[in-house]
Amino acid sequence: MPKYLKYLNPTLIMLVINAFSLFAFIVTSNELMLDFANVTKYNSLTGIFIYFLFTLAFIVGSLNYKSNTFRHSDEIIANNQRFSKLLIITVKIFAFITIFGYLFWFKDVIIHFKDYILNLIYSGMLSSSESLKEETSIKTLTNFGIGSVILSFLAYKITEIRKFRKLVIFIIFLSLFRVFFTAERVALLELIIPIGVIVVRFEPKLIKKLAMLGVIFLIIIWSTELLRSYMSPMYNEKYGPFEYLFYRFSMYFSTSINNFQILLYDTFPKDILPITGRVFYKFLSLHSNTGVALDNLLTKYGSEEYNNFTAWGELFIDFGYFGIIIAFFLGRFCRLVYNSFIAGRLTGLYLYPLLVLFFIQSFRTLLIVNIRYYASYLIFIFFLFLLELANMQKQQKQIY
């Protein structure tokens, strides 16, 4: 296996992200925590140790116990050529659903573009995003964008049909539009990062250029924060622009670790649930002891921006300390998908870019059970359904 692919393994990414998160929390002062999250910093070596145990359990589970099978691009294309028509059908359906969702959501912006631009200039991103909340129900369709982009790139690599690249570019353009009018930078990063993962897998010669472009892109995207929260006198009268950007960035890490510790030490009750994911409370509106306690805790933070418990906090909500064992099996699952990705199997090529997003966001939430990602799973299930139909038709032809 080429050396550069080792840097994409789940063990390394999870270790780096969570080690940085712990470091950010340790060096963050109580004053900064109060300024940005309106909550006192919880200083507890036991809490840090428990977070370390969750991370360690995942890492141990994600260690490789046998050598990876690596297949070159030519082998991958040859083995997946029979899926090309089904890939094309799936990409077309969900890419156009994504585009429709964006155009319908932003129809007022498109029609009254000048007014929205003026509102953006004078009031900032948060104000313009408030004016778009009436169409939030249609945002569900835009969640198909992540899976559509991943499958489009894979279809391009396997079929070499270039028109999919135009669809990807258009979806990215619409998500960029979303950044400027709703301040949702994550929606754009969720498209860019999987593309980078796939490019690294198929075109390693572009790694250095990709890394440089990635750094420049992230700096530009993060700088939009100056058009967002920094417009508030609460921050611009106290911090310089670069100082604010640095503190704001590090605060995403440190506040999540802080919230995890609040979860541990605020007499939080644990229900015994068979599945992981606080997102199910939103689906079913359960008024369990856990759900009520969770709402009570959220009221303490003072800012919706920092209401994240980390991926390990999500496991703790549903499983308590038993979540450490769940973290181990989650790590094992991620390693198996990574091995499939290295071997060039379609399942691994599709799912692993999604898991990389989970690793990167693990300091905030357990993305793999987030409603935003269910749309990506649905796309792949639809593709497998088409594949099963094709296999059934093939078997019937052989019989007759």
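A residue counts as buried when its relative accessible area is under 20%, as exposed when that area is over 50%, and as partly exposed in between. Keep those cut-offs handy for the close-ups below, which all come from a predicted model.

**View 1. Gly145, a buried residue in helix α10.** Gly145 has a relative accessible area of 2%, so it falls under the 20% cut-off and counts as buried. Look for it in helix α10, which spans residues 144-159. Now find Ala375: it sits 230 residues away from Gly145 along the chain, yet the C-alpha atoms of the two are separated by 8.5 Å. Gly145 also turns up in the next view, as one of the residues lining the largest cavity.

**View 2. The largest cavity and the residues around it.** Rolling a probe the size of a water molecule over the atoms shows where empty space is left. Here, the structure holds 1 cavity of 30 Å³ or more, and the largest cavity takes up about 80 Å³ of space. Which helices each supply at least two residues of its lining? They are α5 (84-105), α10 (144-159), α11 (163-182) and α12 (185-202). Helix α12 gives the most, with 3 residues.

**View 3. A nonpolar patch on the surface.** Six names to spot here are Phe49, Phe52, Leu56, Val60, Leu63 and Tyr65, which together show about 550 Å² of accessible area. Start with Phe49, which you'll find in helix α3 (residues 45-62). Is Phe49 buried, partly exposed or exposed? Its relative accessible area is 46%, so Phe49 counts as partly exposed.

**View 4. Asn38, a loop residue with a positive phi.** Asn38 sits in the loop between α2 (30-37) and α3. Its phi is near 55 degrees, a positive value in a residue other than glycine. At 41% relative accessibility, Asn38 is partly exposed.

**View 5. Thr310, a helix residue with a positive phi.** Thr310 isn't a glycine either, but has a positive phi of about 75 degrees. This residue belongs to helix α18, which covers residues 310-319. Where Asn38 is partly exposed, Thr310 is buried, because its relative accessible area is 0%.

Methods: Residues are numbered from 1 along each chain as its sequence is written. This is a predicted model: local features need pLDDT of at least 70, side-chain atom pairs count only at pLDDT 80 or more; totals for chains, interfaces and linings use all residues. Side-chain values use heavy atoms; hydrogens and water are left out. Patches are made of residues with over 30% relative accessible area and no salt bridge: like charges are joined within 9 Å, nonpolar side chains (Val, Leu, Ile, Met, Phe, Trp, Tyr) within 5 Å. Accessible areas come from the Shrake-Rupley method with a 1.4 Å probe; for residues, only the protein chains shown count as cover. A salt bridge is a side-chain nitrogen of Lys or Arg within 4 Å of a carboxyl oxygen of Asp or Glu. Helices (H or I, at least four residues) and strands (E, at least two) are DSSP runs, numbered from the N terminus. Buried means under 20% relative accessible area, exposed over 50%, partly exposed in between (1.4 Å probe, protein chains only). On a 1 Å grid over the protein atoms alone, a cavity is a set of points where a 1.4 Å probe fits but cannot get out, and a pocket is an open set with protein on both sides within 12 Å along at least five of seven lines; lining residues have an atom within 4 Å of a point. Grid points are joined across faces, edges and corners, and a volume is the space filled by probe spheres set on the points.
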